Amino acid sequence: MKTLISEAALANPDIALSNDIIRDCVHCGICLSHCPTYQVRHDENDSPRGRIMLMRNMYEHEGAPDARTVEHLDRCLTCLACEAICPSGVEYSKLIAHGREHVEATYRRPVLQRLTRRALTILIPHPELFRLGLLAGKLAQPFKWLFRGTLRAMLDMTPKGRLPRSSPVDRPQVFPAQGMRRARVSILTGCVQTVLDPKINEATIRLLQRHGVEVVVAKGAGCCGAPAEHKGLTQHALPFAKANIDAWLSEADAPGGLDAIIVNTSGCGTSLKAYGHALRLDAEWKDKAARVSALAKDITEFMAGLGLRKPENHRNLRVVYHSACSMQHGQRIVHQPLDLLRAAGFEVLDVPDGFMCCGSAGDYNLLQPAISGELKARKVANIRSVGADVAASGNVACMTQLASSIGIPFVHTVELLDWATGGPEPEELRSIKVRPASRMSRRADA
Ligand code: SF4
Ligand code: SF4
């Protein structure tokens, strides 16, 4: 794609990189059929190609973008289905990341939008504030008919039952390997997940210990920074990244070192793997950030390399695996979770149109509830259509988006792997009746 961005604007290295990426686009339109927002809205401006044009115009005309451009960029899920399918290798993730940063630096949003976005950026990364926000949401349930838009979406997403207690495993400590130590890792315990589903970190740590891995919860590590980074608020995201880098590298440089930094929320994994790019222009931090990005591994990526021990329990369940966009497109991790679930003895089913986003996309479901709701309805219908006993995924945001609507239990992949190799049965599965052994599970037993 031809660009006419001024030399003065190109002096900014981020705009120069965006210019190179925009020029890689040959306008073929192959990405349109894979773009969820284009599929919902049928508007070229809500497609990858359309958004690339809008960003080109934004940089060519300098100054603040118009409200229409911002609206179409805001509607992007950052699902990266376009980047995964693009035959010209357009690095859309870097383009939209800087496009959003540019919008936040130059465009003044209406006051309500500004307040909502800022509130989410403050609440989500801090588990204690997020828990308070959820409790306030519970108190406001009887009045939710008074609200519309983002506030209504927040109330609709508030969990119905009691919130689980925070888990002791999320505090800084070391979990020793069982048997001979094969590896030493640190784990990103995260933010929202520790409040919504603390069982996931517990299952991850048990699974790793059982496979001979020592697990360190590093002091000073916390949210990955993605809630701010997704909104282009880089100045709020980088302090989280730097705190994590310091925490993990002090463990990596300690006796024993670190073989990996384990992530069990694929949205956060994508963010950690991009630290090196985000800090590439910072002389003090770029090498440290690149080290952390190289160490970051999704739990299924790491376990696939380690090998799963012989399964003990699986009850012949049919598992439909929902691959989060950040897993399949962001990190290009496709076969490892499926291979592990099969090795654990489960019959694994695919979701039709599995490349399409479920509409969760971080806090997109709160900021863009209409498009998110449409994508959720499509994903729910596709999951229900395969007739599985249980759904599994590697991203708590997708689980929160879909769990109450799919009509079957929804657990994290790691909870099934932990159970199959000797851990406790996830409580969500206890109501499922035992089915006779299938061909696939008999093969796994052999
Ligand atoms: S598939 Fe790639 S090259 Fe083709 S229009 Fe989309 S972004 Fe551009
Ligand atoms: S990231 Fe997803 S929503 Fe955004 S343009 Fe690409 S395919 Fe469309």
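Begin by selecting helix α2 (residues 13-24) and helix α4 (residues 48-61), whose axes come within 11 Å of each other and cross at roughly 140 degrees. Here helices (H or I, at least four residues) and strands (E, at least two) are DSSP runs numbered from the N terminus, while axes are lines fitted to C-alpha atoms, for helices over the stretch in contact, with angles from 0 to 180 degrees between N-to-C directions. The angle makes α2 oblique to α4, because angles under 35 degrees count as roughly parallel, over 145 as roughly antiparallel, 65 to 115 as roughly perpendicular and the rest as oblique.

The model is predicted: local features need pLDDT of at least 70 and side-chain atom pairs count only at pLDDT 80 or more, whereas totals for chains, interfaces and linings use all residues. Residues are numbered from 1 along each chain as its sequence is written, and chains are lettered from A and ligands numbered from 1 in the order in which they are written.

I15, S18, N19 and I22 of α2 meet I52, M55, R56 and Y59 of α4; residues are in contact if their C-beta atoms, placed from the backbone, lie within 7 Å. The residues of this contact comprise 5 nonpolar, 2 polar and 1 charged. In this classification, Ala, Val, Leu, Ile, Met, Phe, Trp, Tyr, Cys and Pro are nonpolar, Asp, Glu, Lys and Arg are charged, and the others, Gly among them, are polar.

Now select ligand 1. Of the 13 residues around ligand 1, the nearest are C25, C28, C31, C86 and S88; a residue is near a molecule or strand if its C-beta atom, placed from the backbone, lies within 6 Å of it. The shell holds 9 nonpolar, 3 polar and 1 charged residues.

Proceed to ligand 2, which has 14 residues around it, the closest being C35, P48, C76, C79 and C82. At least two residues of this shell come from each of α3 (36-41), α4 and α6 (81-85).

Finally, select the strands. They form an open sheet of 5 strands in the order β1-β3-β2-β4-β5, with mixed pairing; two strands pair if DSSP finds at least two bridges between them. β1 (173-175) and β5 (296-298) are at the edges, each with a single partner strand, so one side of each has no neighbour in the sheet. Strand β4 (residues 260-263) runs parallel to β5, joined by 3 bridges.

How values were computed
Two residues are in contact if their C-beta atoms, placed from the backbone, lie within 7 Å.
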